[in-house]
Every structure is written in structure tokens, then in C-alpha cells.
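User: Hi! Could you walk me through this one? I'd like to start with the pocket.
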Amino acid sequence: KAKAKAKGKDKAKKSKGKDTVKKTSLAPKPVKTGKGATPLEVAQSVAALIRDGASHEVEDQWLARGIESVEGVGASMAWTGKKAVLAKYRGWEADHEIHAMKLEGPWVGATGFALKYRIDVTQKSTGQRTQMEEIAVYTVKDGKIVQEEFFYDMG
């Protein structure tokens with residue numbers, strides 16, 4: 001009986017400790033993206049380079065080797081690795097003529113940033129000219145873009 005009472009007290013102490021852990025786990029923790037440029041620094045540079053027409057410099061300077069590029073509704077596909085992502089870019093460029101582009105942002109968060117693109121473009125293979133809008137959300141880790149995801153206005 002004495003051992004049973006002692007075990008009961010130990011269980012009470014352990015559960016009391018768990019409650020303490022639960023309460024402290026509700027506290028926020030710092031968000032870090034690793035070494036290198038911060039999401040703000042990457043965002044400012046990427047936006048400036050794109051506005052200057054230097055997209056290839058963005059590719060060289062800011063894309064991680066293992067980047068993942070995710071296309072939104074309609075395509076709903078992902079390309080993984082810098083080589084595959086650059087091939088995706090070159091394919092899109094080959095089939096599209098951009099007449100005008102406006103870039104808005106960046107909007108910067110703790111782990112990355114977003115840019116909004118408004119593009120007047122003609123798809124060469126179909127001859128269809130459209131005004132498209134997309135929001136690109138970029139995730140930054142260790143000073144590089146490790147993921148980009150494109151969101152389309154379906155309204």
C-alpha cells in the first residue's frame with residue numbers, strides 16, 4: 001500500500017509537470033531563417049532587380065540549388081531543383097511575349113515575402129493576349145529562395 005501511495009504521488013507530480021510544459025509551450029518562439037540574407041534583404045533585392053529587368057540576376061543570386069517552384073490552380077504542379085525551375089522559366093519565356101509588367105510589393109513576413117505581378121502578355125502558341133495577375137510567395141532559408149508558389153486571381 002505504501003508503494004502504491006508513493007506511485008500515486010509520483011504520477012501526480014509528473015502530470016503536474018506536464019501541465020507546466022503545456023502552459024510554457026503556448027509562449028511564442030523566435031522565427032529564424034538561418035544564415036545569410038534576411039527575408040527583407042532578399043525581398044528588396046529581388047523586387048529591385050525585377051523592376052530593372054534583371055530577372056536572370058535574381059536566378060543567379062537568390063535561387064537555392066534545391067528550390068521548389070509551385071504553380072497554382074490550373075497547372076497545380078511543382079518543379080524541384082534549380083535546373084528544373086530554370087527550364088520551366090525558359091519554356092514560359094519562349095511561349096510568351098510580355099508587353100508590359102507592373103510589380104507590387106514586396107510584402108515581407110518572418111520566413112519570406114510576396115510580390116504581385118500584373119502582366120500584359122500574349123501566349124505565342126495560341127496568339128491569345130491576356131491581362132494576368134498573380135501573387136508569388138517566396139520562402140527564404142539561409143539567405144536563398146527555397147520555394148516559390150504562384151497564386152492566381154480566380155474571381
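Analyst: Happy to. One term before we start: Ala, Val, Leu, Ile, Met, Phe, Trp, Tyr, Cys and Pro count as nonpolar, Asp, Glu, Lys and Arg as charged, and the others, Gly among them, as polar. Also, please keep in mind that this is a predicted model.

User: Got it. So what does the lining of the largest pocket have by class?
Analyst: That lining is made up of 15 nonpolar, 4 polar and 7 charged residues.

User: And what volume does the largest pocket have?
Analyst: Its volume comes to about 730 Å³. There are 26 lining residues, and those closest to the pocket centre are S55, Y89, W92, E93 and Y117.

User: Which element gives the most to that lining?
Analyst: That would be α4, with 5 residues. Several other elements supply at least two residues each, including the helices α2 (39-51) and α3 (55-62) and the strands β3 (96-108) and β6 (144-152).

User: Let's zoom out. How many helices and strands does the chain have?
Analyst: You'll find 4 helices and 6 strands. Starting at the N terminus, their order is α-α-α-β-β-α-β-β-β-β.

User: How much of the chain is buried?
Analyst: Of its 155 residues, 30% count as buried. As for the surface, the chain exposes about 10,600 Å², with carbon and sulfur atoms supplying 57% of that area.

User: Last one: what share of the contacts with a separation of 6 or more comes from residues 24 or more positions apart?
Analyst: Those residues account for 47% of such contacts in the chain.

Technical notes: Residues are numbered from 1 along each chain as its sequence is written. This is a predicted model: local features need pLDDT of at least 70, side-chain atom pairs count only at pLDDT 80 or more; totals for chains, interfaces and linings use all residues. Side-chain values use heavy atoms; hydrogens and water are left out. Buried means under 20% relative accessible area, exposed over 50%, partly exposed in between (1.4 Å probe, protein chains only). Contact means heavy atoms within 4.5 Å. Accessible areas come from the Shrake-Rupley method with a 1.4 Å probe; for residues, only the protein chains shown count as cover. On a 1 Å grid over the protein atoms alone, a cavity is a set of points where a 1.4 Å probe fits but cannot get out, and a pocket is an open set with protein on both sides within 12 Å along at least five of seven lines; lining residues have an atom within 4 Å of a point. Grid points are joined across faces, edges and corners, and a volume is the space filled by probe spheres set on the points.
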